[in-house]
Each structure stands twice: as C-alpha cells, then as structure tokens.
Amino acid sequence: MSAVLFVFDVMLLVGIGGVAWHCLTSTDLFRAVVLFIALGLLLSMAWVRLEAPDIALAEAAIGAGVTGALLLITLERLKHLEALSPTGRDPEHSTGSSAGRALLSGVVIALVGALGLLLIRALLAQPGQAGLQPLVDAQMHRSGVDNPVTGVLLNFRAYDTFLELAVIVLALLGAWSLGRHESVPARPVPGPMLPGILRFLTPVAIVTGVYLLWAGTHGPGGAFQAGAVLAAAGILIVLGRPRRLPIAPDQPLRLGLVAGVALFLGVGVHGLLFGPGFMGYVEPWAYWLILAIEVAATLSIALALVALFIGGRPHEEDR
Amino acid sequence: MIDWPGPVLLYPFGGVFLFALGLYAAIVRRHLVQKVLGLNVMGSGVFMVLLSLAARGQATDPVAQALTLTGIVVAASATAFALALAVRLKRVSGATELDAPAGDDDDPARER
Amino acid sequence: MIPLAATSLPTLTAGVVAGSLLVAVLATAFPRAAHRIGMVGAVLLAGLVAVVAVVFAGEADPITRIALGGWDAPLGVVLHLDGLAVVMLGMTATTALAASLYAAGYFDGRVARRQFWPLWLWLWAALNLLFLSGDAFNLYVTLELVGLSAVALVALAGSAAAVTAAMRYLLVSLMGSMAYLMGVALLYGQYGVLDLVELARLVAADPDMPRATLLAAALMTAGLMLKGALLPLHMWLAPAHGAAPAPVSAVLSGLVVAAAFYLILRLWLGVFAPLASSGIDLVLGTLGVAALVWGSLQALRATRLKRVIAYSTVAQLGYLLLAFPLMSITPGAWKGVVFLAVAHALAKGAVFLAAGTLQRAAGHDRLADLGPVLRARGLTAFAIGLAGMSLVGLPPTGGFMAKYLLLDSALPGVVDGGDGAGPAAFWAVAILAGGLLSGAYVLRMVAPAFHRGARDPGQVVSAWMVWMPMLLALASVFLGVVGVPVMTTLGHTTGGA
C-alpha cells in the first residue's frame, strides 16, 4: 500500500503547489479566487493525510468555504464600486508589470528562494520527535472530553481559544466601524435550479452544523467547524433573498455576538473563584461547561461570519 | 496510523514552498486582493510545516492541531477584515492598489 | 484595606486580565453606553495596575507565574508577571488613561463614539494580555488582537489617507505575524514546548545550536521589527500617524510599537539569549543609528506637525535598537532602553494629544500656519515644550534619566579600551547627537509660540483635550523623579542581569 500512498502524496503536493502557483500569478482575480477555493479543498485533503481530521474540517469550512465566499462578495462589491465611479482601472484584473517591477520581482524571488532553502535545511535537521502529546494523553481523563484536540482547545489551552473568539468579534467590529451597509443591486437569480438547491442545502447545512458541534467532544468537530457550517447556511439564506436581508434586532444581535466571549470569561472567573484557577473548570462539571461554551461560541461565530459576509454595520446601529 | 513516513518527509517541502510563494505574492503583486491571497497562502504554508512536524509521532500531536486550528480561524478573521478594508479603500479613494507611501503633501486628515 | 499577602499578586494579575477583557466585552455588547463604560473602565483599570505595581514593589520575591486553568507549563498557557511586565503595564495604563479621557472630548459625535470605544478598549486589553503572556503561541494571538484593533482605529478617521495608511499597516502587520508564526512552528518542532521559560531552558541546555533555532530567531525578530516599524521596515508608520485620530496616534507611537520591541527584548533576554553575538549586535545597533539620523532629518523637513512627530517616533525607536550592542558592553543596559521606551511613550503621547488639540482648533496642522493658535493656547504649547524636553533628554525628565542610563552603559566600553572602544564610542556619540537632533525638531514645533504675531484660539475644544496633554507631559517629567523605583522593579525580571 505504501507505494500507492507515496504516489498519492506526491500528486497531492504537486497539485497543491501548482494550484497555488496559478492562483497567485493569475491576472484575472475571479480565476485566482476560484483557484484559492480549490487550493483550500486540496489542503483539506493534505490535512487528512497528516492525520488531522479536525483541521481538515476547519480548512474546508473556514479556509475554503467562508473565506472563499468573502472573497467572491468582495470582488462583486469592487466591481459595483468601479461601475458607480469608473477610475479606468479594471477591478478584476491587476495591472501588468514594468521594468522596475521586474527588478523588484527578481530581488524578491532571490530573497524568498534563499529563505526557502534555509527553511528546508532547518527542517531536515529536526530531531525525530518532540511534542506535548504524552502530557496531553496523561491528562485527558481530567479534561472532560474524549477528543484530544478539543481537550487542548477548550481545557488545557482554553485561553488561546478564548482570545481566538475575541479576534473574530474584533474583526467584525473593525469591519463595522468602516461604514454602514450598502446593498449591492441583486442580480436576477437564474432559473428554478438555484432557489431549489438553496432551499435544499440550507436545512442540510444547519443539521450538519449542529451535529459537528455535538460530535466535537468525542470526535472530529467542534465549535469553530460548526460555526462555519452554520454561517454557510446563513450565507445561503442571504444569497437566496438579496433584496430582503434578514435583519436582526440591534441589541439581541450584539448580545449574540459577544455570547461566546462573555460566557467564556464568566466561566473563567468562576474557575478563579471556585476552581483550579483563572480559565479553569471545576473538574466534575468540565464536560458540561465545555459544551455550554461551545454552544455559545458556535452561535457567536456563525453570527459574526454572516455579518462579515453582509458587510457594513446595520443601519439601526446609528440611531 | 501513517503507513509510511512519507508525510513527514514530503509535506515540509510543500509547506516551505507555499510560505515562500505566498511571501513573494504578498510583496510583488499589486492588487490588494492578490496580496491578501498571498498572505493566506503563507499561512497555509506555516500550517503545513507545523502539522508535518506534528505527524512524526504515533498520532498527530494534538497541541499542534489546536495551534493550527487557532491559526486558521485567526487568519480567516484577519482576511475578512482586510477585505472589508479594501472595499472601503475603493469606496473612499477609488484605488485597489497601494502606491508608494505619499510624502508630506497628502491631503490633511479631515476632522470628524 | 488592600491585603498585602503574597497570595494577592496572582489574584491581582488575573484581575487585570479579566478586568481588561470585561470592560472590552461590555463596550462591545452595549455600544450606546460604550463611552461611559470606557471612561469608568479606564480609571478603574489604571487604578488596578497601580495596585499591582505597588504590591509588586513591596514583595521580596515578586515574580509571579499563573498557570491558567490550573494546567502548568508546558501543557497549559502560563501568565508571567515580572518587573519588565509591570513596567510595561504601568506605561500602558498611564498613557491609555490619558488618551481615554482625551478621547472623551475628541470624539463627540454619536456614531463615532460608538465605533471608537469598543475598538479602543480591545486594544488596551490586548496590550495588557501581551505584556502578561508567557507562551510563544499565545503571544501570536495577542499580537493579532493588537494589530487588528490598531488598524481599525487608524482607519476610523475615514479619509482616503487614513484608509490607505491603515491598509498598508494591516498588510505589513500580517506579514510580520506570519513570519513570527513560522518561527514558533520551528521552535515547537525542535523543542516540543511553547512556554518561554521552558524554551529558554532547553535552548540554553542544548550543546549545539540547531539551524531551526537560528532561523526561528531571525524570522521572529524580522516579523516583530515589521510590527514595530524598526528601520528598515518602518515605511508604514509615518503615513499612519499623519492620518489617524490624535489619541490613536498617541497610543500607536507610544504603546503598540513599544509592544513589538518589548517582545523582541523578551525573546532575546530569554529564549535566544545564547545566540547573541557581536555580529548581530553591531548590525542592529547600526540600524538603530540609521533610524535615529534618518528619522530626525525627515522630522526637520516635514511641513505638517503630525508628520514631524511621526518621524520623531522612527528616530526614537532607533534608540531602542541600541539596546543590543549596549547589552554586550553592559549586560544590564536593556533596563536603560526600557526606561527610554517608557519615557518616549509618555512624552510622545503628550505631544500627539497636544497636536490633536491644535489641529482641532486650527482646522489643519501645517506648521507654517500654526503660529496664531500656538500663541493663543499657551497650555498646549507648554505641554509640547515640556514633553519635548523629555524627548531631547533635559533634566529632570524621564528622557534625561534614560539617556543617562544609556550613556552609562556605553562608557565602560570606551574606558576599557581595546577592540570594543571604537564601537562603544560610536554608540555614545550617537546617543548624544540624537539628543541634539531632537532638540532641533522640537524647537521647530514650539518656536512659533515665542514669536510676535496674531493670536487666534480657533475652534472651541473640550477641556479634556486641553488638560490631558499637560497631564501626560507632567508624567513624563515625573518619571525622572521616580526613576529609582522603576529601575528596582526592572531588576526583578526573568533573564535580566
């Protein structure tokens, strides 16, 4: 079997390298974005080969899916703005190069190539194995969950995950601070196929998201993957009715967005007062606290990602 | 269980290639969306290096997996914000590329 | 009564973390009340940090490590409170408090306030978390928090210049983050731990120096230099300052770039300490001198006040790079550099806030035409002058004390003679020359106040905007007086001599 796997690995890596190359050297932005999404799916397969199924799910959902959707809607908005006030620069094609650019390219290629070689030499000289896995395995029985990745994310290194949730909220706050929502004129939805597919896919996405959330405690899955899949469902709804955006009431939306961070902080302080320390869990309740935090986090992540897709802040924010 | 040590030997090369390629694109390509794509590919390169180093053991190191997951989410959030900023830039100045930093004579910041 | 038992430091530190985050989360959840939450939170947070500093100074063995969640390193993430962290927290609290109160007067529009305060409080929280973190990967996440909030705040001004500068800053920042993260990956692959103290121990115990460690040092330092606008990777700083709102510029120049430098110092005092060699020191030192000279010359040429101050930041950051060559002469030299960073944060903050007041009053910041406003607003002009004294290094300000400490570190190299005398003399001359150059551009800023001419106070500005620059300027002078306790606190630092 190993010969087959060897060929598979080589082909996958060549594919990844090739797709990445064409994506980043393309002059047509739409093509670049599509290739980027394809790259995300190929990377997902690479993570499977590296025995990291949680990461494969995350890459497919977040790296390829949500990021891809955001890239496509950004291109759409740039084209719309260009049409409103033409500057003569085509938003879908980047400008060509000149002699100065060629020199810069050459210098950067040399530097980057040297860096790459240094990295390869450093990596080939790495020792056989080092890592924290033995420590994780030794403590897993106290973590409250069965999936070691979830154990690390939501117990041993919960602080990192907490800050990660803060990053998502902060990205949304930043995007909202830039301006109010301006709707892009909706393109007519072609034929009966698309609404039908959307109507079918949305419930499937919701069920898959909820399953991923629950499954995360004892198998691949978790709050981030679930949140991204639910966000995909939300994006499908938004795409299906572009003229009538689902508008959430102002204050409940804000509360939903901070729910993940707030609950995490609350449990953290609870751990400081009654448990093993700040950001810790009272041990018998670890499973339930983790599940509660994951539910709140999934809600916040899904809301934030859909809000990032919709774009500017809702008009009620300014009243 | 990984049958043969291939992933550990092969994938670091892929990671380094992605990192280098992404860095090149982020510096040289002019369009903002292309720069953002380059930065994302750089990130994917780092994750591939991290995970292939993690795969040396019996099962892939869970801490490295957790780090990668955090990294993917953080990179995606930063990308989302960068794209929103790019749209804002287009709206405010009509530009989708960054020119060399202006000298002293760019228009003074308007007071809000 | 504040309990002074030894157990209170871990609780107080956790309180700083939880408190900063709580204030930010509340402001996010309730944007309509965000400015009130922000002002009250700023005062409470600054007070809490002051308590931490006092308790820390009173302890015999004050270095505190908090294993978050009860999981000790290397499995869990550990918060690390030592002298350097306390000084950084104090610097942040003072500057951010003044800037917060200033911002209460600066942002008076309903919409602007709701957008500003949550982002601002997240930035302050992220800075606090960064200074307390003792884990290499956790630092990456806090760096991203700092970067995203800072970029969003720069873009808040809304003009084309601001958004362009913000975009450039974001791209540079993300590139730096990726380089840093690759370094973390290399270190984890090599040593299998992420805790900074553990890593330092393992690197020091390693008989040979693995390529991965060398490359990680290079990547992480380069990435942080990008984030800290240290020459030659400084191009994003001046446009960002010129366009950002005044309180944002104050914090960006004083705190955000200082945070990047803090991290470089932390890494080189701890994990990469065995790698320090005279080659790297000389390179970094030369870059520092180049920054000093180039930044000062640009400050002398610029026509707009905020640009002058921005280039002054590039120049003063050059002093920070001098830490490395000076450390090879006197191991404790880094303390003088940290002192300089603190003095710079306070003084630069004061100058930027005052510039914001002048700009709001006059409607522009062209140096040539600011005369009337400067003459009418004596308090603001005095604040710039006082803070300028610190930037130049006149006694009894904090800047003077810092330069004195730096010269004190360089002189043993000159006195001892031998090979090291030449470079040591070069650094000493550079430190002194930098002071002269600063004097020149500070004079440029305040000179019109002394000329005869028309007086025109311009637009009415809030009282906060008049008094906060003065407060920070006084703080920068006061720093010189409290220098000894600060240096003693710095003495309790992991890895420092």
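Biologist: Why does L340(C) count as buried?

Modeller: Buried means under 20% relative accessible area, exposed over 50%, and partly exposed in between, with a 1.4 Å probe and protein chains only. L340(C) has 4% relative accessibility, so L340(C) counts as buried. This is a predicted model, in which local features need pLDDT of at least 70, side-chain atom pairs count only at pLDDT 80 or more, and totals for chains, interfaces and linings use all residues. Residues are numbered from 1 along each chain as its sequence is written, chains are lettered from A and ligands numbered from 1 in the order in which they are written, and side-chain values use heavy atoms, with hydrogens and water left out.

Biologist: Where is L340(C) found, and what does L340(C) touch?

Modeller: L340(C) lies in helix α14 (residues 333-362) of chain C. Helices (H or I, at least four residues) and strands (E, at least two) are DSSP runs, numbered from the N terminus. Leaving aside residues up to four places away in sequence, L340(C) touches Q316(C), Y319(C), L320(C), A402(C) and L406(C). Contact here means heavy atoms within 4.5 Å.

Biologist: Which elements do the buried residues of α2(C) pack against?

Modeller: They pack against α1 (8-29), β2 (78-81), α3 (83-106), α4 (110-132) and α20 (483-491) of chain C. The buried residues of α2(C) include G38(C), L45(C) and F56(C).

Biologist: What makes K90(B) and E82(A) a salt bridge?

Modeller: A salt bridge is a side-chain nitrogen of Lys or Arg within 4 Å of a carboxyl oxygen of Asp or Glu. The closest N and O atoms of K90(B) and E82(A) are 2.4 Å apart, so the pair meets the cut-off of 4 Å. The count between chain B and chain A is one salt bridge.

Biologist: How many residues of chain B are in contact with chain A, and how much area is buried between them?

Modeller: In chain B, 72 residues are in contact with 85 residues of chain A. The area buried between the two chains is about 7,200 Å², with 75% given by carbon and sulfur atoms. Buried area is the accessible area (1.4 Å probe) that two parts lose on being put together, summed over both.
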